[in-house]
Amino acid sequence: MMKLVVLALFLATAYSEAIKCFQKEGDEVVDKVCADAGATKCKGPAFTFAEGFSDYAFGCGECASGEAGCIDCEGASCNKVEELGKEYECTNYEWNADDTKFVANEAMTKCKSKASTDQNLCNKPGAEAKAEADFTKVNVGCGPCEVPAQKTAEKCAETNSAVSMTALLLPLIAAIYALF
């Protein structure tokens, strides 16, 4: 019986196929079997709301420890090619020590999105962010809050970029209306 178990394990490993990952081939990215039969992960460019996708090449295997711009995933073809979505804008908040509160910068931050999502989120100080240490700014105001405890404690708030634009446009419209 033990011989059959050993034989089955040997055959299973001998005939196991390598996983498929999206890989860079010339100027194209194609889904093909990894040359390394032992590969269990795929890798590709990382995404940030401030910069979009990095220039890291698609491939097989895991990212080296601390490798910038690389993200890996478990399983076959998990590193799918994604397209950039529409660019949007968020308000960037800075701590003003004189006024002891967060203040919105006049210049809006340009943010990147993925085409696969329609949520263009911005992060900003929440109603309970009353000290500089209360709010951790992420991606210059682009994307969701990344510290769950701050979101729960209302020290970080998420807004849709369209709402952010409305908040800036309404006072402008009121000022123009008052002039005429």
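1. The accessible surface of the protein chain comes to about 11900 Å², and carbon and sulfur atoms account for 58% of that area. These values belong to a predicted model. The protein chain has 180 residues, of which 27% count as buried.

2. The protein chain contains three helices and 11 strands. Their order along the sequence is α-β-β-β-β-β-β-β-β-β-β-α-β-α. As for contacts between residues at least 6 apart in sequence, 52% of them join residues at least 24 apart.

3. Three strands make up an open sheet in the order S6-S3-S7, and their pairing is antiparallel. The edges are taken by strand S6 (59–60) and strand S7 (70–74); each has a single partner strand, so one side of each is left without a neighbour in the sheet. Strand S3, residues 41–45, runs antiparallel to S6 and is joined to S6 by two bridges. Where does Cys42 find its bridge partner in S6? The partner is Cys60.

4. The structure holds seven disulfides. A disulfide is a covalent bond between the sulfur atoms of two cysteines.

5. The link of Cys90 and Cys122 is left-handed, with -75 degrees about the S-S bond. This pair links distant parts of the chain: Cys90 lies in strand S8 (residues 88–96) and Cys122 in strand S10 (residues 121–125), 32 residues apart. Are these two cysteines buried or exposed? Cys90 counts as buried because its relative accessibility is 0%. Cys122 also counts as buried, at 2% relative accessibility.

6. Cys145 and Cys156 are likewise joined by a disulfide, with an S to S distance of 2.0 Å. The torsion about the S-S bond of Cys145 and Cys156 is about -90 degrees, so the disulfide is left-handed. The pair links distant parts of the chain, 11 residues apart: Cys145 is in the loop between S10 and helix H2 (148–152), whereas Cys156 is in strand S11 (residues 156–160). Both Cys145 and Cys156 are buried.

7. Aromatic rings form the next topic. How many aromatic pairs does the structure hold? There are four. One of them is formed by Phe47 and Phe53, whose ring centres are 5.1 Å apart; the angle between the planes is 55 degrees, and the pair is tilted. Phe53 counts as partly exposed because its relative accessibility is 23%. Ring pairs also bring Phe49 into the picture, linking Phe47, Phe49 and Phe53 into a cluster.

8. Trp95 and Phe102 form another aromatic pair, with 5.0 Å centre to centre and 70 degrees between the planes, an arrangement that is edge-to-face. Why do the two residues fall into separate accessibility classes? Buried means under 20% relative accessible area. Trp95 has a relative accessible area of 22%, so Trp95 is partly exposed. Phe102 has a relative accessible area of 15%, and Phe102 is therefore buried.

Conventions:
Residues numbered from 1 in each chain as written. Predicted model: local features only at pLDDT ≥ 70, side-chain atom pairs only at ≥ 80, totals over all residues. Heavy atoms only, no water. Phe/Tyr/Trp six-rings, centres within 6.5 Å; stacked < 30°, edge-to-face > 60°. Buried < 20%, exposed > 50% of the residue type's maximum accessible area, 1.4 Å probe, protein only. Pairing = 2+ DSSP bridges. Helix = DSSP H or I, 4+ residues; strand = E, 2+ residues; numbered from the N terminus. Contact = heavy atoms within 4.5 Å. Areas by Shrake-Rupley, 256 points an atom, 1.4 Å probe, with all protein chains shown as cover. Disulfide = S-S within 2.5 Å.
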